[in-house]
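Please read it alongside the sequence and the model.

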Amino acid sequence: MSMIEHFLMDSPLGTLTLVNTNGVLSGLYMPDHLRGPRADSLGSRATSGFDIVRSQLDEYFERNRIHFDVPIALHGTPFQQSVWNLLGTIPYGETRSYGELADALGNRRAIRAVGLANGRNPISIIIPCHRVVGSNGSLTGYAGGLERKRRLLELEAADAKSPKQLSLS
């Protein structure tokens, strides 16, 4: 039987809900997250733990981290997992369009399916679905809200232009 618990973490984007399954991060949700999990599926509320995830997220928001190396457990269809894995290859400070992701998967006609899988990403920020934009560069749907997507992209864009050294791990 799976042991599921969650932790509420303050962040510049509001209170984040971190979920772990058997001690491995399996969810990271923003306030009012579209298609987020039901409250009764989050398990018990933890008052401690999640230290590595919290530390790495704090470093990210402080502009001292560009990659995450926390263990994660992605639960989804094989196609969703292929999209989520591809999201992880989008470099910090850069964006890709849904079409570019579909092309990278070898099926240009899968643009809509890529968008749907992107919207079902269970581990926001760490699996950087916020780096996916419309073909004309416009901000399109984001389960955490377009304002949060804009703020994440601005945080990363500012860092990409900054000479400040950032942690690579």
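The chain contains 5 helices and 6 strands, where helices (H or I, at least four residues) and strands (E, at least two) are DSSP runs numbered from the N terminus. The model is predicted: local features need pLDDT of at least 70 and side-chain atom pairs count only at pLDDT 80 or more, while totals for chains, interfaces and linings use all residues. Residues are numbered from 1 along each chain as its sequence is written, and side-chain values use heavy atoms, with hydrogens and water left out.

**Fold**
- Along the sequence, the elements follow the pattern β-β-β-β-α-α-β-α-α-β-α.
- The C-alpha atoms fill a box of roughly 45 × 40 × 25 Å along the principal axes.
- Among contacts (heavy atoms within 4.5 Å) between residues at least 6 apart in sequence, 61% join residues at least 24 apart.

- Of the 169 residues, 44% count as buried, that is, under 20% relative accessible area with a 1.4 Å probe, protein chains only.
- Leaving aside residues up to four places away in sequence, F61 touches S11, P12, L13, L16, I125, L152 and L155.

**Surface**
- The accessible surface of the chain comes to about 8,900 Å², of which 51% belongs to carbon and sulfur atoms, by the Shrake-Rupley method with a 1.4 Å probe.

Methods: Buried means under 20% relative accessible area, exposed over 50%, partly exposed in between (1.4 Å probe, protein chains only).
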